[in-house]
Each structure stands twice: as C-alpha cells, then as structure tokens.
Amino acid sequence: MGTKDIETLKIVVGKPTLFLINKVEEFHIFLQGYSLSKNDGNLILNYIDNDFSSFIKNLSPEEEEVRWYRSIRYNSSTDSHSLELLRNYFIPFLEELEGNR
C-alpha cells in the first residue's frame, strides 16, 4: 500500500460523510470498492483486513478473532459512534503504517 493510498484513506476516514459513509459497514464497502479499483487491490484489502484486525485486537483484546468492522460495531452504540471509533483506531493504524515505510 503506497503513500497515496494512505493519504486517500486518511481523507475518507477523516470526513466520511463527504463520501456518503454513515457507518463503519459502509466504510468497509468503500474499502472493498477502492481496493478493487487498484491493480494491487487484493493486497490492500487483505492487508487491512488482517493487520487492522490485529491492531484493534491488541488495543482491546477479545476472546474471538473477529474482523475489524465487526469489532468496531460491537463496541459502538450508534452509527456515528462507529465512525468515531473507526477514526480513533484507523488514523493511528495508518500513521504506524507510514512510520514503517
């Protein structure tokens, strides 16, 4: 995943309503579409699905291995709260990703 991809995802997660994203599940759908539009799309989607899920699991350990969007939904009370949690988890994840480059 390149720097341009990281910047794009930061913009989308920072202002999701500009992209008609109103809950974490819609961001996941956006991410699938974004990944499919890229040449290395499967790598992006697999990387985020696996590594972001592990990142969230390290922050709030749960008994079962669950996908990141399900974990966020489980810990949120409303759609807007799910986006807030997504932002609070995803931005540090992307910054850590940038730091490893």
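Visitor: Which way does α1 pass α5, in a left-handed or a right-handed crossing?
Guide: α1 passes α5 in a left-handed crossing. That term applies if the near helix is turned anticlockwise from the far one by less than a right angle, and right-handed applies if the turn is clockwise. Helices (H or I, at least four residues) are DSSP runs numbered from the N terminus, as are strands (E, at least two).

Visitor: What sort of model is this?
Guide: This is a predicted model, in which local features need pLDDT of at least 70 and side-chain atom pairs count only at pLDDT 80 or more, while totals for chains, interfaces and linings use all residues. Residues are numbered from 1 along each chain as its sequence is written, and side-chain values use heavy atoms, with hydrogens and water left out.

Visitor: Back to the helices. At what angle do the axes of α1 and α5 cross?
Guide: They cross at roughly 165°, and the axes come within 10 Å. The axes are lines fitted to C-alpha atoms, for helices over the stretch in contact, and angles run from 0 to 180 degrees between N-to-C directions.

Visitor: So are α1 and α5 parallel or antiparallel?
Guide: The two helices α1 and α5 are therefore roughly antiparallel. The cut-offs are under 35 degrees for roughly parallel, over 145 for roughly antiparallel, 65 to 115 for roughly perpendicular, and oblique for the rest.

Visitor: Which residues in α1 meet α5?
Guide: Ile6, Glu7, Leu9, Lys10, Val13 and Gly14 do. On the α5 side they meet Leu86, Arg87, Phe90, Ile91, Leu94, Glu95, Leu97 and Glu98. Contact here means heavy atoms within 4.5 Å. By class, this contact of α1 with α5 has 8 nonpolar, 1 polar and 5 charged residues. Ala, Val, Leu, Ile, Met, Phe, Trp, Tyr, Cys and Pro count as nonpolar, Asp, Glu, Lys and Arg as charged, and the others, Gly among them, as polar.

Visitor: Is Lys10 buried or exposed?
Guide: Lys10, in helix α1, is buried, with a relative accessible area of 19%. Buried means under 20% relative accessible area, exposed means over 50%, and partly exposed lies in between (1.4 Å probe, protein chains only).

Visitor: And what does Lys10 touch?
Guide: Not counting residues up to four places away in sequence, Lys10 touches Ile91, Leu94, Glu95 and Glu98.

Visitor: How do α1 and α2 pack?
Guide: Helix α1 (residues 3-14) and helix α2 (residues 24-36) pack at an angle of about 155°, with axes 12 Å apart. α1 and α2 are therefore roughly antiparallel to each other. Here α1 passes α2 in a right-handed crossing.

Visitor: Which residues in α1 meet α2?
Guide: Asp5, Thr8, Leu9, Val12 and Val13 in α1 meet Phe27, Phe30, Leu31 and Tyr34 in α2. By class, that contact has 7 nonpolar, 1 polar and 1 charged residues.

Visitor: What's in the loop between α1 and α2?
Guide: Leu20 and Thr17 are among the residues found there. Leu20 counts as exposed, at 71% relative accessibility, and has a positive phi of about 60° although it is not a glycine. Thr17 is exposed too, with a relative accessible area of 53%. From Thr17 to Leu83 it is 66 residues in sequence and 9.7 Å in space, C-alpha to C-alpha.

Visitor: What is Glu26 in contact with?
Guide: Leaving aside neighbours within four places in sequence, Glu26 is in contact with Leu20 and Ile21. Glu26 sits in helix α2 and is partly exposed, with a relative accessible area of 27%.

Visitor: New topic. Which residues in the largest nonpolar core touch the most other members?
Guide: Of its 27 residues, they are Phe27, Ile48, Phe52, Trp68, Leu86 and Phe90. Such a core is a set of buried Ala, Val, Leu, Ile, Met, Phe, Trp, Tyr and Cys residues joined through side-chain atoms within 4.5 Å.

Visitor: Where does the largest share of this core come from?
Guide: It comes from α5, with 8 residues. α1, α2, α3 (41-59), α4 (68-74) and α5 (79-99) each supply at least two.

Visitor: And what does Leu86 touch?
Guide: Leu86 touches Val13, Val24, Phe27, Phe52, Trp68, Ile72 and Ile91, not counting residues up to four places away in sequence.
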